[in-house]
Amino acid sequence: MMFSRKDLVRLILPLVVEQLLAVTIGLADTVMVSTCGEAAISGISQVDSINVLLINVFSALATGGAIISAQYLGRSEDDNASIAAKQLIYTTGFCAVVVALLCILGNRYILAALFGQVDAAVMSNSEIYFFWSALSYPFLALYNCGAALFRSMGNSKISMFASLIMNIINISGNAMLIYGAGLGVAGAAIASLTSRIFGAVVMLRLLHHQGNRIYIQDMRHPQIHPQMIRNILRLGIPNGMENGMFQIGKILVQGLIASFGTVSIAANAVANSVATIPQISGGAIGLAMITVVGQCVGAGDYKQAKHYIIQLTGLAYFSMGLFHLAIFFTAPFIVSLFGTLQAETAQLAVLLIRSFNLFALPFWPASFTLPNGLRAASDVKFTMTVSIFSMWAFRICFSFLLARYMGLGVLGVWLAMYIDWIFRLICFIGRFVRGKWQHLQLA
């Protein structure tokens, strides 16, 4: 076997820690920024919806390059893997610079087009935060490339430690610039920019180490390989479209929930926060799937690729199942930790959390972890088509049907999400069993 049990543990555990850091430190970051005032936090919230969309696009491009590199590593063509990595960095970096320039030059016009005539104080804070966020896009894109490439080598400790230090820089920067220097929104954005510069520099520096299987010798001398760039884009663009459409759909559904009033908004926020806990392990295993299956596919060993897709999906079911069962029975206690919620809000939050556990337990891993195995085998067009269709046809359309027209409110939105999962599961399991994902490697 290409990956022993010990290899899988070494790969997955740091990814779990990294995902956990993103949730817990991200929460601390939000609490610190909230001290800037309502206008500031509203402005940051608006820009963050754009940031999350672009972060997912950059991550998708990085994943496309990582799949190509992993397939080369599986064939023991380390030199080609290194060349592909260099193409990935140049391609993603160039795209991120273009996006950053467009966002800087069109700052207020983009915000006005997306958010309309909001309060002047909110718009002012949005423009400040958007400017500094745009400056960080190229560095964020380069960090994502480095993290994805190290994961493709089976080394997830690098991205874990880098993520930890980046978050420490971000939080300490918030403390100094928001509380100490009184820079408000600008201070929060500059702290994020600093942490992302650090992450990009560290990743590029570590990729220059000759001991790596993927080794980038000299970034100052581009070596353009059009076919490799096309292959990276053939994987990255569908992933980017899938992730982008998913985020746009979430924004639309969020607007629908907002129309149901404060109780629904608060209950949905609490339930979403709790729902991220079991997804930590499933998301980490999904990232590991890219590395493991990508290398198996590169080696032309589809029997092992199939074995690891089943094994890792099963591990996702087991690890997430433990969380789901624990959260289901302790939901009232967990909701009580969110402060003095109204009785109606707390009751609705418990209902949403328990419904989530009941449906996520059988459906989530096959809907989100398993398709990463298909993506690692270059079957990205199928996963993109299914995901985008299911998002719009079921999660969005059924949200309006069940929540608004059938009067189920926010519960209808969550039921529409479960229907989306069931459709994805049927499509992805069917694709996996039929084996059409095999022999599509691009590297």
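Colleague: What percentage of the 443 residues in the chain do buried residues make up?

Modeller: This is a predicted model, and buried residues make up 51% of its 443 residues. A residue is counted as buried when its relative accessible area is under 20%.

Colleague: Why is M228 called buried?

Modeller: The relative accessibility of M228 is 8%, and the cut-off is under 20%; M228 therefore counts as buried. This residue lies in helix 8, which covers residues 226-258. Apart from residues up to four places away in sequence, M228 touches Y72, N80, I83, A84 and Q87.

Colleague: How far is M228 from I104, in sequence and in space?

Modeller: The two are 124 residues apart in sequence, and their C-alpha atoms are 30 Å apart.

Colleague: Is Q295 buried or exposed, and what value decides it?

Modeller: Q295 has a relative accessible area of 7%. Buried requires a value under 20%, so Q295 is buried. Q295 belongs to helix 9, residues 262-298. Its contacts, leaving aside neighbours within four places in sequence, are M2, F3, A70, L73, G74, S152, M153 and R213.

Colleague: What makes helix 10 roughly antiparallel to helix 11?

Modeller: Two packed helices are described by the angle between their axes and the distance between the axes. Helix 10 (residues 302-336) and helix 11 (residues 343-376) pack at about 175°, and their axes are 9 Å apart. Angles over 145 degrees count as roughly antiparallel, and helix 10 is therefore roughly antiparallel to helix 11. Of the residues in this contact, 24 are nonpolar, six are polar and one is charged.

Colleague: Which secondary structure elements does the chain contain?

Modeller: The chain has 13 helices and zero strands. In sequence order, its pattern is α-α-α-α-α-α-α-α-α-α-α-α-α.

Colleague: How do you know that the chain is as compact as a globular protein of that length?

Modeller: The radius of gyration of the chain is 22 Å, and the globule rule gives 22 Å for 443 residues; the two values are close, so the chain is as compact as a globular protein of that length. The C-alpha trace spans about 60 × 50 × 35 Å along its principal axes.

Colleague: What share of the contacts with a separation of 6 or more comes from residues 24 or more positions apart?

Modeller: Such residues account for 83% of those contacts in the chain.

Definitions and conventions
Residues numbered from 1 in each chain as written. Predicted model: local features only at pLDDT ≥ 70, side-chain atom pairs only at ≥ 80, totals over all residues. Heavy atoms only, no water. Axes fitted to C-alpha atoms, helices over the stretch in contact; angles between N-to-C directions. Helix = DSSP H or I, 4+ residues; strand = E, 2+ residues; numbered from the N terminus. Parallel < 35°, antiparallel > 145°, perpendicular 65-115°, else oblique. Nonpolar A, V, L, I, M, F, W, Y, C, P; charged D, E, K, R; others polar. Buried < 20%, exposed > 50% of the residue type's maximum accessible area, 1.4 Å probe, protein only. Contact = heavy atoms within 4.5 Å. Rg over C-alpha atoms; globule rule 2.2 N^0.38 Å.
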